[in-house]
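The following note sets out several points for a colleague who is examining this structure. The points are numbered so that each may be taken up separately.

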Amino acid sequence: MTEQQAREEMVRLGASFFQRGYATGSAGNLSLLLDDGTLLATPTGSCLGELAAQRLSTVTLEGEWIAGDKPSKEIAFHRALYLNNPDCRAVVHLHSHYLTALSCLQNLDSQNCIRPFTPYVVMRVGDVPVVPYYKPGDARLAEDLAQLAPRYRAFLLANHGPVVVGKSLQEAADNTEELEETARLMFTLGDRAIRYLTAHEVAELRSR
């Protein structure tokens with residue numbers, strides 16, 4: 001994929017998220033790793049539904065802003081994920097409705113906030129650890145994600161929303177949507193008795 005194609009993909013996926021209600025206002029940010037080792041990212045304060053391909057931010061992995069509009073202050077935690085997970089080629093961070101609602105609940109399992117009850121979340125995402133609450137842009141977000149990055153593909157920021165990585169921006173987007181749908185199912189099921197997947201069933205899915 002050329003850089004121009006990558007820019008166009010980011011614009012397309014941002015608009016898709018916005019039009020379908022996964023993102024509102026100027027909330028959320030996207031990034032991907034270009035072939036030259038720099039990051040392409042959504043600018044600060046930008047609406048995912050109104051991105052312009054040539055105004056996207058270009059940032060080095062060291063954090064130097066080199067082209068385009070000023071990047072989001074949250075690019076620091078994106079960089080932490082790339083630097084600590086060699087398989088990470090893209091990051092999606094949204095304030096999507098159901099995952100953000102889930103992030104506001106007390107007593108979540110910090111090691112995995114979504115106990116598996118469908119096979120798809122296991123196959124596409126795996127365990128989802130909870131990162132403690134820090135104000136947006138706090139350096140500790142990047143520090144905590146750097147520690148978790150080698151072992152996980154998705155994270156829930158307490159009182160904030162999801163962060164999902166992928167080997168491509170499309171994969172990260174697909175995995176984010178799978179996670180959001182799972183959270184929606186959790187709220188739909190409510191306090192009904194759920195048949196969770198057994199440890200054997202989860203292990204079988206992970207071995208695929």
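**Notes on the predicted model**

1. In helix α5, which spans residues 139-148, the buried residues are Leu141, Ala142, Leu145, Ala146 and Leu148. Viewed down the axis of α5, these buried residues fall within an arc of 165 degrees, so they line one face of the helix. An α-helix has 3.6 residues a turn, so residues three or four places apart point the same way. The cover over the buried residues of α5 includes α2 (75-84), β6 and β7. It should be kept in mind throughout that this is a predicted model.

2. The N-terminal end of α5 is capped by Asp138. A side-chain oxygen of Asp138 lies 2.8 Å from the backbone nitrogen of Arg140.

3. The sheet is open and is formed by 8 strands with mixed pairing, in the order β4-β3-β2-β1-β5-β8-β7-β6. Its edge strands are β4 (65-67) and β6 (130-131), each of which pairs on one side only. Helix α1 (residues 3-19) packs on the sheet and touches β1, β2, β3 (57-59) and β5 (90-93). The direction of α1 makes about 155 degrees with that of β1.

4. Val131 stands opposite Leu157 in β7. By contrast, β7 and β8 run antiparallel and are joined by 4 bridges; in β8, Pro162 is the bridge partner of Leu156.

5. Two residues deserve attention for their backbone geometry. Most residues other than glycine have a negative phi. Asn159, however, has a positive phi near 60 degrees. Asn159 is in the turn of the hairpin that β7 and β8 form with 3 residues between them. Asn159 counts as partly exposed because its relative accessibility is 45%. Asn107 likewise has a positive phi of about 60 degrees and is located in the loop between α3 (97-103) and α4 (119-124). With a relative accessibility of 77%, Asn107 counts as exposed.

6. Is Thr38 buried or exposed? Thr38 counts as buried, because its relative accessibility is 11% and the cut-off for burial is under 20%. The residue lies in the loop between β1 (29-33) and β2 (39-41). Its side chain is joined to that of Asp36 by a polar contact of 2.6 Å. Apart from neighbours within four places in sequence, Thr38 is in contact with Leu32, Leu33, Thr58, Val59 and Ile66.

7. Arg79 is found in helix α2. Its relative accessible area is 19%, and Arg79 is therefore classed as buried, the limit being under 20%. When neighbours within four places in sequence are left aside, Arg79 is in contact with Leu39, Thr60, Leu61, Glu62 and Gly63. Arg79 and Leu33 are 46 residues apart in sequence, and their C-alpha atoms are 9.7 Å apart in space.

Note on methods. Residues numbered from 1 in each chain as written. Predicted model: local features only at pLDDT ≥ 70, side-chain atom pairs only at ≥ 80, totals over all residues. Heavy atoms only, no water. Helix = DSSP H or I, 4+ residues; strand = E, 2+ residues; numbered from the N terminus. Buried < 20%, exposed > 50% of the residue type's maximum accessible area, 1.4 Å probe, protein only. Polar contact = N/O pair within 3.5 Å; in protein donor to acceptor, adjacent residues only side chain to side chain. Contact = heavy atoms within 4.5 Å. Pairing = 2+ DSSP bridges. Axes fitted to C-alpha atoms, helices over the stretch in contact; angles between N-to-C directions. Arc of directions from axis to C-beta.
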